[in-house]
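Thanks for making the time this morning. I would like to walk you through one structure, with a focus on its helices and a few of its loops.

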Amino acid sequence: EVGGTIRYSITEYLNEFIRKNNHTRLFPALEWVLDNRPPSEPSVICHGDFHAENILWDDDSVSAVLDWGAFRFEEPAWDVAYIIVKVRAFYPQRLHGVSLNVYIDRYFRSYNERRKIGRDRFSYFEAVGALNALNEIETHINDMTDPSMKQLLSEVEVYMINLFEEVSGVKIPNSF
């Protein structure tokens with residue numbers, strides 16, 4: 001328990017939040033997520049937004065990990081898949097002259113060397129990550145007044161819808 005809020009698994013969170021807020025266009029995707037979860041592996045503390053900008057270094061050692069607002073007790077596959085989903089959606093295809101896929105492959109391989117993540121499990125959590133992002137868009141879309149921000153959200157939404165459909169076969173309607 002942190003700050004009076006119990007942090008539970010991402011699927012429990014999505015089930016509660018999507019239903020409570022009546023995000024009806026996401027109901028079929030939510031049902032797929034709930035019906036197709038692979039047998040659970042032991043949960044760990046997942047950061048929920050683990051990337052270089054949330055890490056402080058002291059020489060060659062990590063001195064702190066920042067921004068724990070999205071943490072959950074979940075399988076490690078969730079943490080790895082979700083950050084990859086977010087990076088693919090928000091970052092340009094090349095960073096500092098290097099293909100984004102190179103960075104993603106390094107991140108995945110580095111993690112996978114320490115703790116193996118099966119492809120099916122990873123794909124499932126990519127879909128969960130896409131649904132989580134779509135839930136965030138659905139929650140905040142009416143707060144957006146800046147046309148460039150609405151355009152960005154529209155592009156991210158299309159990416160997440162396509163990713164979810166690719167993994168699950170479930171089509172989610174656009175909100176824009």
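I will begin with confidence, then turn to one helix and its neighbours, and end with the loops.

Please keep in mind throughout that this is a predicted model. The mean pLDDT of the protein is 88, and 95% of its residues reach 70 or more. Confidence is lowest in strand β5, residues 94-95, where the mean is 70, and it is highest in α2, at 97.

Let me now take helix α6, which runs over residues 147-168 and has 22 residues. From its first C-alpha to its last α6 reaches 31 Å, which is close to the 32 Å expected at 1.5 Å a residue. Its buried residues include Leu153, Val156, Met160, Ile161, Leu163 and Phe164, and also Ser154, Glu157 and Ser168. What do these buried residues of α6 pack against? They pack against α2 (27-35), α3 (76-90) and α5 (119-140). Just after α6 comes glycine 169, which takes a positive phi of about 85°.

Of these partners, I will look at α5 in detail. The axes of α5 and α6 come within 9 Å and cross at roughly 145°, and α5 passes α6 in a left-handed crossing. By class, the contact of α5 with α6 has 14 nonpolar, one polar and two charged residues. On the α5 side, the residues that meet α6 include Ser123, Tyr124, Glu126, Leu131, Leu134 and Ile137, while on the α6 side Glu157, Met160, Phe164 and Val167 are among them.

The loop between α5 and α6 holds asparagine 142. Is asparagine 142 buried or exposed? Asparagine 142 is exposed, because its relative accessible area is 73% and the cut-off for exposed is over 50%. Asparagine 142 and aspartate 59 are 83 residues apart in sequence, and their C-alpha atoms are 44 Å apart in space.

Finally, two backbone details deserve a check by eye. Most residues other than glycine have a negative phi. Aspartate 67 is partly exposed, with a relative accessible area of 43%.

Conventions. Residues are numbered from 1 along each chain as its sequence is written. This is a predicted model: local features need pLDDT of at least 70, side-chain atom pairs count only at pLDDT 80 or more; totals for chains, interfaces and linings use all residues. Side-chain values use heavy atoms; hydrogens and water are left out. Helices (H or I, at least four residues) and strands (E, at least two) are DSSP runs, numbered from the N terminus. The expected span of a helix is 1.5 Å times one less than its number of residues. Buried means under 20% relative accessible area, exposed over 50%, partly exposed in between (1.4 Å probe, protein chains only). Contact means heavy atoms within 4.5 Å. Axes are lines fitted to C-alpha atoms, for helices over the stretch in contact, and angles run from 0 to 180 degrees between N-to-C directions. A crossing is left-handed if the near helix is turned anticlockwise from the far one by less than a right angle, and right-handed if clockwise. Ala, Val, Leu, Ile, Met, Phe, Trp, Tyr, Cys and Pro count as nonpolar, Asp, Glu, Lys and Arg as charged, and the others, Gly among them, as polar. pLDDT is the predictor's confidence in each residue, from 0 to 100.
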